[in-house]
Structure formats: structure tokens, C-alpha cells
Amino acid sequence: MYTKKIYFSGGDFHELQEVFQGLPGVLETRTGYINGDDEADFASVASGKVRAYMGIEVVFNPKKIDLSQLMDVLFAVVNPYVPDGQGKARGEQYRAGVFYPAGEDEPQVQLHLNFIANRGKPAAVTGQGLTLNDPNSNPKLARHCYVLALPLRSFQRAEAEHQEYFAKHPEAERRS
């Protein structure tokens with residue numbers, strides 16, 4: 001069976017894993033540290049000592065679910081207009097991101113993020129109808145999309161205790 005991988009970050013990686021692992025067409029998920037500069041562990045990344053993004057690896061069957069659908073799910077649970085984290089998970093290491101291992105995925109990722117970025121901008125009604133992204137519209141109403149879209153440099157799997165965390169700890173509090 002042909003499979004693909006994509007890597008997402010945004011908020012608590014335990015919560016992201018819980019969301020994606022049950023989707024039809026998703027075969028596996030793993031929590032880990034994305035594009036880290038050094039050897040990482042939970043404490044070093046959470047504290048900011050090691051620069052990396054806390055996120056998940058998603059292994060999927062593209063005949064059952066495609067990259068665009070996966071990104072739709074991501075942005076249903078992660079607010080792309082909030083810088084550096086979600087809910088109580090705050091800091092650069094929790095920033096929303098899409099990391100693609102294959103160059104062939106970059107155009108689709110960029111197209112989707114362009115849509116997200118433009119959807120957050122105001123529309124102005126003029127005498128000629130609706131105009132999107134009107135330069136005369138109020139810039140205070142415009143929202144900035146903070147999602148990273150980068151090639152995957154590295155993925156280091158998180159420690160075993162951080163895999164399928166909520167299945168192991170049903171009493172655990174969700175951070176967002």
C-alpha cells in the first residue's frame with residue numbers, strides 16, 4: 001500500500017495526536033520534535049533550551065484521505081491566526097506549522113495556507129460589489145496567518161511516555 005507522511009505542529013502535541021489518530025485513512029501518528037537543531041527531549045524543547053517544534057508525524061493513505069483534508073482538520077483544531085501556540089501551550093515550540101518531507105507537497109501546502117491567510121482578511125462592499133482584500137478596508141480588522149510552511153529537516157520521535165498520552169492517561173487535563 002502506498003503511504004505518505006506529513007508533519008504538523010500547533011499547541012499540545014498530545015492533543016494533536018489524539019485528533020489525527022482516529023481519522024479514516026490515517027494509519028499511524030507519532031509525537032515528536034520537528035526541525036530541531038540538537039538532540040531533543042520533552043523537557044529541553046518545552047523549556048526552549050533546544051529549538052524545535054512539538055508536533056506529530058502523520059502516516060496516511062492518500063487514496064483514503066488527502067493532504068488538503070488533513071490540513072482542514074488541523075485548522076479546525078489549531079487557530080492559524082494566533083502566534084506561538086494554542087490555549088495554555090504557549091511559546092515558539094508550540095507554533096502552528098506544516099512540515100512537508102516531499103517537495104511535491106509544497107505547492108498544495110502553500111495553496112492551502114494562502115487560502116487560510118486570505119480568508120482572514122476583511123471584505124469591503126463597494127458600489128461595484130464585494131471586493132476581497134480591499135486596500136482601503138480597515139487594516140485593524142485584518143488577521144495575520146502565523147502558520148509555518150517549511151520543508152522537513154528532521155523529526156525526532158518523542159519519548160514513549162508521550163506517545164498516545166491520553167489513551168494512557170485518561171484523567172489528564174487537556175491544555176487547550
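What covers the buried residues of α3?

## Basis of the model

This is a predicted model, in which local features need pLDDT of at least 70 and side-chain atom pairs count only at pLDDT 80 or more, while totals for chains, interfaces and linings use all residues. Residues are numbered from 1 along each chain as its sequence is written, and side-chain values use heavy atoms, with hydrogens and water left out.

## Helix α3

The cover of the buried residues of α3 includes the strands β1 (4-9), β2 (26-34), β3 (53-60) and β6 (97-100), together with the helices α1 (13-21) and α4 (106-119); contact means heavy atoms within 4.5 Å. Helices (H or I, at least four residues) and strands (E, at least two) are DSSP runs, numbered from the N terminus.

In α3 (residues 67-77), the buried residues are Leu67, Leu70, Met71, Leu74 and Phe75, where buried means under 20% relative accessible area with a 1.4 Å probe, protein chains only. Seen down the axis of α3, these residues fall within an arc of 130°, so they line one face of the helix; the arc is that of the directions from the helix axis to the C-beta atoms.

## The sheet

Six strands, in the order β9-β6-β1-β3-β2-β10, form an open sheet with mixed pairing, two strands being paired if DSSP finds at least two bridges between them. Because β9 (148-151) and β10 (155-157) stand at the edges, each with a single partner strand, one side of each is left without a neighbour in the sheet.

The pairing of β6 and β9 is parallel, over four bridges, and Val98 stands opposite Ala149 in β9.

Note on methods. Buried means under 20% relative accessible area, exposed over 50%, partly exposed in between (1.4 Å probe, protein chains only).
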